[in-house]
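Welcome! Please take a moment to look over the sequence and the model before reading on.

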Amino acid sequence: MMLRRVQLIFLVVCIYTMSLEICSAQVVFTNYPTDDVIVVIGESVLFHCSATSDGTRTPVTWGIQTVGSGAPDIFLSNKTFRDTSTFVSVGSEFRSPLILTNVSKQLDGAIVFCRASDTLVVHLQPQPRPVITVLCPPNITADSTMESSVEGAMLTFRFLISNTHPSSNLTVTKDGQTVSGGRINIDGTGLTISTVNRTDSGNYTITVTTLAGSDSISFYLDVYYLAEFSNFSRVEEIVQGNSFTFNCTP
């Protein structure tokens, strides 16, 4: 009873002086990861946090602040995150792991933090706090899988890629062989052959690869060209009534 009375008097003095943070004991957080987290949609991610106040472990809870939301979601027990498929699991109160299972796109850009409570104040994990980046598998589409061109012309095969990020990688193969540089170039919107050659006919496959997976699209290129003829140019003498053969090779 005496201890409670002392705590109450101490609390009244702190409130009167508006110095709760000063009156409260310092809380030290140990958490990981401390850097931002990249996770593929549908996968899981794990966070750890513990807190001590004057050398004594303090119970911790978890908060998730999503982009554009108001107050953060505070998790005291296992539950589904809002109306998404993500399930939030929390462990023991003194060393509480946070596990996000089947991560949804809604958590992209969310800030994860833990908080600890002593007698007077709720302490928040100090900055910086991990930010979640949710990646979706890439998708590549095109309007056609057949292209044709006249030899000597320039050809551009257009496509559309979604769910890319700075580490995305594009590769091209022709009839199973990797193609790079020279007359054939590729960027995020199309494959261009600067001067089409008859040898460019064949099956092309474009593949986009990211940390979340890969996707491919193929098209066939048919090149039209003028036939070239070679024949005899010398004058031939033919005896009337005899046979003679003319050769013409395209």
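## About the model

This is a predicted model, in which local features need pLDDT of at least 70 and side-chain atom pairs count only at pLDDT 80 or more, while totals for chains, interfaces and linings use all residues. Residues are numbered from 1 along each chain as its sequence is written, and side-chain values use heavy atoms, with hydrogens and water left out.

## The overall picture

The protein has 24 strands and 2 helices. Both kinds of element are DSSP runs numbered from the N terminus: helices are H or I with at least four residues, and strands are E with at least two. Of the 250 residues in the protein, 32% are buried. Here, buried means under 20% relative accessible area, exposed means over 50%, and partly exposed lies in between (1.4 Å probe, protein chains only).

Contacts also tell us about the fold. A contact means heavy atoms within 4.5 Å. Among contacts with a separation of 6 or more, 58% are between residues 24 or more positions apart.

## The nonpolar cores

In soluble globular proteins, nonpolar side chains tend to be buried together. A nonpolar core is a set of buried Ala, Val, Leu, Ile, Met, Phe, Trp, Tyr and Cys residues joined through side-chain atoms within 4.5 Å. The largest one here has 25 residues, and Phe47, Trp62, Leu98, Leu100 and Leu107 have the most contacts inside it. Several strands supply at least two residues each, including strand 1, strand 5 (60–65), strand 9 (98–101) and strand 12 (132–135). Strand 3 gives the largest share, 4 residues. Apart from this core lies another, of 17 residues, with Ile140, Leu155, Val172 and Ile217 among them.

Let us visit two residues. Leaving aside neighbours within four places in sequence, Leu107 is in contact with Ile64, Thr66, Phe81, Thr86, Leu100, Ile132 and Val134. Val39 sits in strand 2 (residues 37–40), and Val39 counts as buried because its relative accessibility is 4%. Not counting residues up to four places away in sequence, Val39 touches Ser44, Val45, Val103, Ile132, Thr133, Val134 and Leu135. Val39 and Cys136 are 97 residues apart in sequence, yet their C-alpha atoms are 9.0 Å apart in space.

Rolling a probe the size of a water molecule over the atoms shows where empty space is left.

## Salt bridges

A salt bridge is a side-chain nitrogen of Lys or Arg within 4 Å of a carboxyl oxygen of Asp or Glu. The whole structure holds 5 of them. One of these joins Asp73 and Arg82 (2.7 Å, N to O), and Arg82 is partly exposed at 35% relative accessible area. Another links Lys105 with Asp108, where the closest N and O atoms are 3.9 Å apart. Lys105 is partly exposed at 41%, and Asp108 is partly exposed at 30%.

## Backbone details

Tyr32 and Pro33 are joined by a cis peptide bond, with omega about 0°. Pro33 lies in the loop between strand 1 and strand 2. Another cis peptide bond joins Gln127 and Pro128.

Asp175 lies in the loop between strand 17 and strand 18 (177–179). Asp175 also forms a salt bridge with Lys174, at 3.2 Å between the closest N and O atoms. Lys174 is buried at 17% relative accessible area, whereas Asp175 is partly exposed at 47%.
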